[in-house]
Amino acid sequence: MRCLVALLPLVSVSCKSKEKFPTIGLNIASPIDVAASEDGQHFYVLNADFDRTYDIGSLLIMDQEGNKLSAIETPRMGRSLTVAGSDLIATFDYPDDAAAARVMIYDLTDPANP
């Protein structure tokens, strides 16, 4: 009986599996920043997902009536959004896996589809 008790902790540690998260889609999760297109027709919401509901962030594109049009998956630790002419600049903090912080630039030539 002692042998069985000693092996159980080893078995439970070695059977670790990767956690499955739902896709973020058009959901809002820990929104961290909002920016508007230059013409004011579109809004961009940077979802940071700090609570790890989805394991990824997103850039949610909305129209001026508040309709969710589309979303682009991003790193989960979003920090800021800035519209500069026809560019949307998004910054991302260090994620839990110690990868480098990032700056991503989206082309807003078509504001509904960065």
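**Figure 1. Order of the elements along the protein chain.** From the N terminus on, the elements of the protein chain follow the pattern α-β-β-β-β-β-β-β. The model shown is a predicted one. In total, the protein chain holds 1 helix and 7 strands. Of its 114 residues, 28% count as buried. The protein chain exposes about 7200 Å², and carbon and sulfur atoms supply 57% of this area. Among contacts between residues at least 6 apart in sequence, 36% join residues at least 24 apart.

**Figure 2. The open sheet of β1, β2, β3 and β4.** In this view, 4 strands form an open sheet with antiparallel pairing, in the order β1-β2-β3-β4. Its edge strands are β1, spanning residues 31-36, and β4, spanning residues 68-74; each of them pairs on one side only. From one strand to the next, the twist averages 20°. Strand β2 (residues 42-47) and strand β3 (residues 57-63) run antiparallel and are joined by 6 bridges. Within this pairing, Phe43 has Met62 in β3 as its bridge partner.

**Figure 3. The hairpin of β1 and β2.** Strands β1 and β2 form a hairpin with 5 residues between them. In the turn, Gly40 has a positive phi of about 75°. The two strands run antiparallel and are joined by 5 bridges. Val34 has Val45 in β2 as its bridge partner. The loop between β1 and β2 also contains Ser37. Is Ser37 buried or exposed? Ser37 counts as buried because its relative accessibility is 6%, and buried means under 20%. Beyond its neighbours within four places in sequence, Ser37 is in contact with His42, Tyr44 and Pro111.

Figure 4. Strands β3 and β4 form a hairpin with 4 residues between them. Gly66 lies in the turn and has a positive phi of about 90°. Antiparallel to each other, β3 and β4 are joined by 6 bridges. Ser58 is placed in strand β3, and its bridge partner in β4 is Glu73. With a relative accessibility of 1%, Ser58 counts as buried. Setting aside neighbours within four places in sequence, Ser58 is in contact with Ile24, Val45, Leu46, Asn47, Ile72, Glu73 and Thr74.

**Figure 5. The open sheet of β5, β6 and β7.** Here, 3 strands form an open sheet in the order β5-β6-β7, and the pairing is antiparallel. The edge strands are β5 (78-84) and β7 (102-107), each of which pairs on one side only. The twist from one strand to the next averages 20°. Between β5 and β6, the antiparallel pairing extends over 6 bridges.

**Figure 6. Surroundings of Thr82.** Thr82 lies in strand β5, and Ile89 is its bridge partner in β6. Thr82 is partly exposed, because its relative accessible area is 42%, which falls between the limits of 20% and 50%. Once neighbours within four places in sequence are left aside, Thr82 is in contact with Asp87, Leu88 and Ile89. Thr82 and Tyr44 stand 38 residues apart in sequence, and their C-alpha atoms are 9.7 Å apart in space.

**Figure 7. The largest nonpolar core.** Which residues make up the largest nonpolar core? This core has 11 residues in all: Ala35, Tyr44, Leu46, Leu59, Ile61, Leu81, Leu88, Ala90, Phe92, Tyr106 and Leu108. Two or more residues come from each of β2, β3 and β6 (87-92). The most is given by β6, with 3 residues. In soluble globular proteins, nonpolar side chains tend to be buried together.

**Figure 8. Contacts of Ala35.** Ala35 is one of the residues of the largest nonpolar core. Apart from its neighbours within four places in sequence, Ala35 is in contact with His42, Phe43, Tyr44, Leu81, Val83 and Leu88. Among these contacts, Tyr44, Leu81 and Leu88 also belong to the core.

Definitions and conventions
Residues are numbered from 1 along each chain as its sequence is written. This is a predicted model: local features need pLDDT of at least 70, side-chain atom pairs count only at pLDDT 80 or more; totals for chains, interfaces and linings use all residues. Side-chain values use heavy atoms; hydrogens and water are left out. Two strands pair if DSSP finds at least two bridges between them. Axes are lines fitted to C-alpha atoms, for helices over the stretch in contact, and angles run from 0 to 180 degrees between N-to-C directions. A nonpolar core is a set of buried Ala, Val, Leu, Ile, Met, Phe, Trp, Tyr and Cys residues joined through side-chain atoms within 4.5 Å. Buried means under 20% relative accessible area, exposed over 50%, partly exposed in between (1.4 Å probe, protein chains only). Contact means heavy atoms within 4.5 Å. Accessible areas come from the Shrake-Rupley method with a 1.4 Å probe; for residues, only the protein chains shown count as cover.
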